[in-house]
Structure formats: structure tokens, C-alpha cells
Amino acid sequence: MIHLDHISRIFTVGTQEVRALDDISLDIGAGEYVSIMGPSGSGKSTLLNLLGLLDRPTHGIYKLQNEPVSSLDEEQQARIRREQIGFVFQFFHLIPRLTAFENVELPLSLNGVIKEERAQRVRSILDSLGILDRASHRPDQLSGGQRQRVAIARALVVQPAMLLADEPTGNLDRRSGREVIDILEDQNRKGLALIVVTHDPDLGKRARRRIRLEDGQIVQDIRNDQTLPLEQ
Amino acid sequence: MSLRDLFLFSLRSVIAYKMRASLTALGITIGICSVVILTSIGEGIQTYVVSEFTQFGTNILGVNPGKKTTMGIPGAIIGSVRPLTLDDAQALNRVSGVLAVVPAVQGNVQVEGNNKSRRTTLIGTGSQMPYVYKFELALGSFLPADSDGHRSRPVAVLGAKLWKELYGSKNPLGDRIRISGSRYRVLGVLKPKGEILGFDLDDSIYIPAHHSMVLFDREGLMGIDVLYSPHASTKELTKGIHRVMLARHGAEDYTIVTQERMLETLGSILAILTLSVAGIGGVSIIVGAIGILTITYIAVSERTSEIGLLRALGVEPRTILILFLSEAICVASLGGLLGLVLGISGSFILKVFIPALPIAINWYYLVLAELIAIFVGLVAGILPARKAAKMDTIEALRTE
């Protein structure tokens with residue numbers, strides 16, 4: 001599903017060039033469960049931003065569903081994000097003035113889904129994540145775990161092909177964190193590609209495929225507890 | 001995103017910051033409100049002035065003595081001015097299209113009657129005055145037809161107020177009164193007519209023009225008012241008057257003032273008045289616009305992370321622009337609407353407390369004011385909305 005071909009992302013800081021991603025090639029199939037780990041500044045977030053079409057590579061080709069997407073214009077990329085990619089953030093990024101229901105409804109409105117269908121889809125996803133009774137609460141009336149579940153509901157409601165999670169448990173206590181992971185893995189079992197960026201080794205270990213980044217390069221790509229040779 | 005959803009989303013943002021939004025909108029509200037009230041008063045003054053000038057009928061023109069001209073030869077004979085006479089007035093009566101003429105002389109006199117005395121305005125006039133100015137009689141009759149010539153009898157008609165002052169409710173008909181020492185017989189009393197631009201027509205006494213000229217030792221009339229048929233063209237009529245007057249005076253030593261001209265002059269004065277009123281309102285609207293500009297900038301930087309989220313959810317920069325623009329427009333137009341409501345009710349309240357103040361609400365201005373408010377929101381919103389649209393998604397998402 002995802003095909004990265006010799007991708008580099010170079011930032012210019014002052015006069016210095018920083019290679020956040022250095023010639024990375026990577027394939028991720030539909031329905032995979034991948035964790036991306038590595039020390040700070042290793043390029044994890046940059047990789048996630050690239051995968052989510054929030055950023056463009058300096059060099060290389062990114063193909064999504066066999067279609068080169070990194071060269072698409074802003075509007076076409078926005079459309080792909082809207083329809084195929086779900087994001088889950090460390091700090092939830094819920095809109096504070098909207099209720100849980102309205103936060104989840106937002107991507108459907110953006111996709112032009114009619115009101116009746118929206119209501120039905122939002123209810124069913126909130127129900128499946130166990131927060132239907134919180135539908136009319138605003139984010140400040142919800143606990144951290146509930147907020148992240150609302151955020152996940154918002155990502156899932158458009159039925160994306162992949163879910164990109166950036167430290168999804170980074171701002172939660174252990175129990176809520178585990179609940180959130182349960183939900184994400186459950187969705188993965190139903191066929192959703194799940195890509196998690198994390199510092200937390202316990203969380204990272206759970207993934208069937210573990211990618212380790214250092215200095216913008218993939219230094220480890222392990223599948224099924226079995227070390228795979230480095231792609232180079 | 002459908003327009004309806006987009007609008008609802010903007011509206012939600014505005015409602016979420018009620019206090020802030022309403023304070024910002026207040027600038028626009030005050031601007032629109034003042035424009036509404038001031039234009040209402042302006043409109044009212046205009047209607048008032050026009051009706052003041054047309055209350056005697058609209059088909060009247062005046063012939064006044066003298067003409068403003070600059071001559072090449074100082075003190076030459078051609079510069080002399082002949083007085084307007086009663087004979088001139090009689091001659092004008094024969095111009096085709098003319099229905100009636102009223103000679104006019106005005107002055108201040110001492111009137112004694114019923115053992116009382118009062119200083120009042122004396123108006124020397126002719127028999128057709130009530131017909132021309134639409135005056136009605138309360139008692140008796142107006143000056144007889146011979147009052148138009150040089151052999152008029154010493155008779156007088158009292159204004160309603162003068163009658164009250166001198167006679168109370170007593171019938172004055174046939175009574176003899178003294179005006180500056182001369183005796184006149186009271187023929188009638190006029191019904192109240194009110195004031196024209198502060199001049200009380202009811203506190204006046206009316207006598208034949210010839211007598212007033214003798215009384216004030218005047219050679220000529222102060223003016224002649226001509227009532228003409230509504231079907232006559234002003235142009236033809238003026239031509240006819242010129243012909244007669246030139247034949248009698250030999251030169252154009254008089255001025256014809258048509259009501260159209262008078263209203264034109266008034267109109268241009270009032271236009272300037274309205275313009276300055278609009279200027280005052282405009283200044284407060286600009287202040288309001290700056291308020292909206294500021295608040296939208298603040299909203300954009302406060303909601304940076306929300307903008308990042310919207311971008312991640314697949315909202316195009318263009319839609320972000322429209323979102324913030326429509327928020328600014330929303331605040332401005334709500335402020336404008338409130339301004340309209342306050343302005344209209346303010347106008348009505350003013351009318352209740354100051355009934356004399358002429359107020360007329362012009363719906364055209366109201367619609368215009370609201371359109372201006374919307375436009376102001378649009379203009380004030382553009383810069384901050386562009387900033388929002390241009391924001392870097394990753395940076396925005398990183399912002400707390």
C-alpha cells in the first residue's frame with residue numbers, strides 16, 4: 001500500500017543542511033501494524049508527516065496505492081488525507097468549543113456526507129468505542145482517555161485505509177493508555193493499517209513490525225520477532 | 001464541505017467567544033447605529049424643509065426686485081433698479097398660465113384693538129393670498145378685490161394668534177383697530193396656519209399692500225408671488241413673465257425665483273449634510289473594522305493548533321481562508337444587524353421624546369448600512385484569514 005523509494009527530507013537551518021530523513025526506502029502493506037521508534041531527532045515524526053502527506057520529501061518518490069502522491073498539488077493531497085488517512089495525536093487536538101459528537105462529525109462534514117448519515121455514523125463509532133454517553137460533552141468535560149477515544153473516533157469515522165498515531169499514549173496514564181492501544185489494535189485486526197510512532201518500548205514491542213530510526217536512517221526493521229536484514 | 005456546514009462551523013466559533021465577539025461587533029454596531037439615527041434625522045430634516053417650503057403649494061414662483069449683476073461702468077444709469085409696483089403685479093396677472101398674484105410687503109407694527117396693544121408682524125398683501133397660500137378663514141372674509149390696487153379701503157384681517165391675544169374669543173368683526181396710528185376695520189380672522197422656518201404666520205396682521213407701502217413709506221413691493229397652473233411649463237411661464245417685466249421696466253432689474261431652484265439649492269445643502277453624517281458613521285465603522293481585524297488575528301493565532309488539525313483532516317487552505325473570513329463577516333453582520341435594530345428603535349425613541357425633531361427612516365440607507373457592515377467584515381477578515389490559510393501545517397500542529 002505504501003511504497004517509499006529513496007526518500008530524503010532535508011531541512012535548511014540557517015546555512016546548515018539537516019537530513020531528517022536520509023535515503024529511506026520502505027514498503028508497508030495494507031493492514032500491517034508497524035511501530036516506528038528511535039531517539040529524539042531521529043526523524044520519526046518527519047517520516048510520519050511524510051506518510052500523512054503533511055510534508056513533502058526533498059528527494060524520492062512516495063507511492064500510495066500505487067499512485068505517486070508526493071508530487072500532487074495541495075488540494076489533491078488534502079483530498080487523500082480527508083478520505084484515506086486518519087491521524088491520532090499525542091495531544092488529541094480536539095476542538096474545545098465542539099462536543100465530542102461534533103468533533104467526530106467534523107471529518108464527515110468535510111467530506112460532504114449528508115447530515116442524517118453523519119449522525120448515524122458518528123453514533124455507531126462512538127458506541128463501538130464506548131463513549132456514546134459522552135457524545136454531548138465538550139473536551140474539557142472528558143478525561144484524557146475519553147478525549148483520545150474521541151480523537152480516535154474522529155480518525156476512524158471516515159473509514160480510512162491507514163491510521164497514523166503519534167505518541168497516542170504519551171499523554172495518558174497507564175490504564176487509559178492500555179485501553180487506547182486495545183482500541184487501535186482492535187481496528188488493526190479489522191484490516192486497518194496502523195502506524196504508531198512512540199518512545200515507549202512497551203508499546204513499540206507490541207507491533208508485529210518494528211522499525212527503528214537513527215539519524216534519519218532505518219537501522220532496524222523487525223517482523224514477527226524475527227530480525228530482518230536491513231534494506232539498503 | 002457544504003456551505004451550510006461551513007457557515008455553521010463559523011457561527012459556532014463566533015458563539016463560543018460570545019463576550020469577545022459581541023465587544024468586537026459593538027464597534028460596528030455603534031457605527032451602523034449612528035448612521036441609521038443620523039440619516040433618519042437627515043432624511044427627516046429634508047422632508048421637513050421641503051414640506052415647509054411647499055406647504056403653500058408647489059406651483060409658485062417669486063419675482064423679487066433687483067438683480068445681482070456686475071456692471072462695467074460704475075454708477076451708470078443702466079444699473080438703476082425700478083421698484084416692483086402693484087401695477088407690475090396686475091400686469092403679471094395677465095400672463096398666460098398665471099392663476100393669481102400676491103404682492104408682498106412685510107414689517108413690524110404696533111396694533112391696538114379691544115383696548116389692548118401688541119407689536120406684531122404686518123403683511124401687506126392682496127385679495128388672492130388665501131387662494132395662493134391655501135389659507136383658510138375662521139371668521140368673516142379676507143381682503144376684498146379692491147385691495148389689489150391703489151384705491152384700497154383701510155381694512156385688516158387678523159392672524160389666529162393675534163386675534164386670541166387682542167380679543168380672546170370675542171368676535172372682532174367690524175371692530176376698528178389702530179395700526180401705527182391709522183384706523184382699520186377688521187374684516188376677518190384666519191385659521192391657524194403655523195410657522196414657516198420659525199416665522200409665526202398666525203401672529204400677524206394682513207392689510208392691503210398699498211396701505212402697507214404708505215405705512216412703511218416704501219416705493220415698491222418686497223416681492224410678488226405668482227401662482228401658476230400646474231399644467232403650465234415653468235419655462236414658458238418664466239418667458240412670459242420676462243416679456244411683461246422687460247416691457248414695463250426696460251431692463252432686467254428683478255429676479256425670478258422658482259421653487260424648483262429653491263429646492264435644488266436646499267437639496268445640495270442637505271446632500272452635504274448627509275455626506276458629513278455618513279462621514280461620522282464611516283469613521284466609527286472603520287474603528288469597528290480595525291476591531292474585527294485585531295480579533296480575527298487573535299483568533300487565528302489562538303487557534304493555530306486547530307488550523308493544523310483542520311489541515312490534517314484534509315481541509316484545503318482555501319477553505320480555511322473562507323472559514324476565518326466568514327467568521328469576520330459573521331461578527332460584522334451581526335454587529336450591523338444589532339446596529340440597525342438599535343438605530344431604528346433609537347430613532348423611534350427620539351421621536352417620542354422630541355416630537356418636534358423630524359425623523360424619517362429610509363430603508364434604502366438601512367440596507368446599504370448592512371451591506372457596508374458585511375463588506376467591512378470581508379475586508380477586515382482578509383489579512384488574518386490569509387495568514388491562517390498560509391500557515392504551515394506541521395508547525396501549526398506542534399503549537400499547543
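Start with A:Gly14, in the hairpin of strand 1 and strand 2 of chain A: A:Gly14 takes a positive phi near 65 degrees, and the hairpin has 2 residues between its strands. Strands here are DSSP runs of E with at least two residues, helices are runs of H or I with at least four, and both are numbered from the N terminus. This is a predicted model, in which local features need pLDDT of at least 70 and side-chain atom pairs count only at pLDDT 80 or more, while totals for chains, interfaces and linings use all residues. Residues are numbered from 1 along each chain as its sequence is written, chains are lettered from A and ligands numbered from 1 in the order in which they are written, and side-chain values use heavy atoms, with hydrogens and water left out.

Next, select strand 1 and strand 2 of chain A together. They pair in the antiparallel sense over 9 bridges; two strands count as paired if DSSP finds at least two bridges between them. A:Arg9 stands opposite A:Leu21 in strand 2 of chain A.

Now show the whole sheet. In chain A, 4 strands form an open, antiparallel sheet in the order 2-1-4-5. Strand 2 (16-28) and strand 5 (67-68) of chain A each have a single partner strand, so they stand at the edges with one side lacking a neighbour in the sheet. Helix 1 (residues 44-51) of chain A packs on the sheet and touches strand 1 (2-13), strand 2 and strand 4 of chain A. Contact means heavy atoms within 4.5 Å. The direction of this helix makes about 120 degrees with that of strand 1 of chain A; axes are lines fitted to C-alpha atoms, for helices over the stretch in contact, and angles run from 0 to 180 degrees between N-to-C directions.

Move to B:Arg12 and A:Glu102. They form a salt bridge, with the closest N and O atoms 2.2 Å apart (a side-chain nitrogen of Lys or Arg within 4 Å of a carboxyl oxygen of Asp or Glu). The pair crosses from helix 1 (residues 3-16) of chain B to helix 3 (residues 100-110) of chain A.

Finally, colour chain B by domain: domain 1 is 3-52 + 264-398 and domain 2 is 82-252, with bounds from an automatic or database domain assignment. Their centres, taken over C-alpha atoms, are 56 Å apart.
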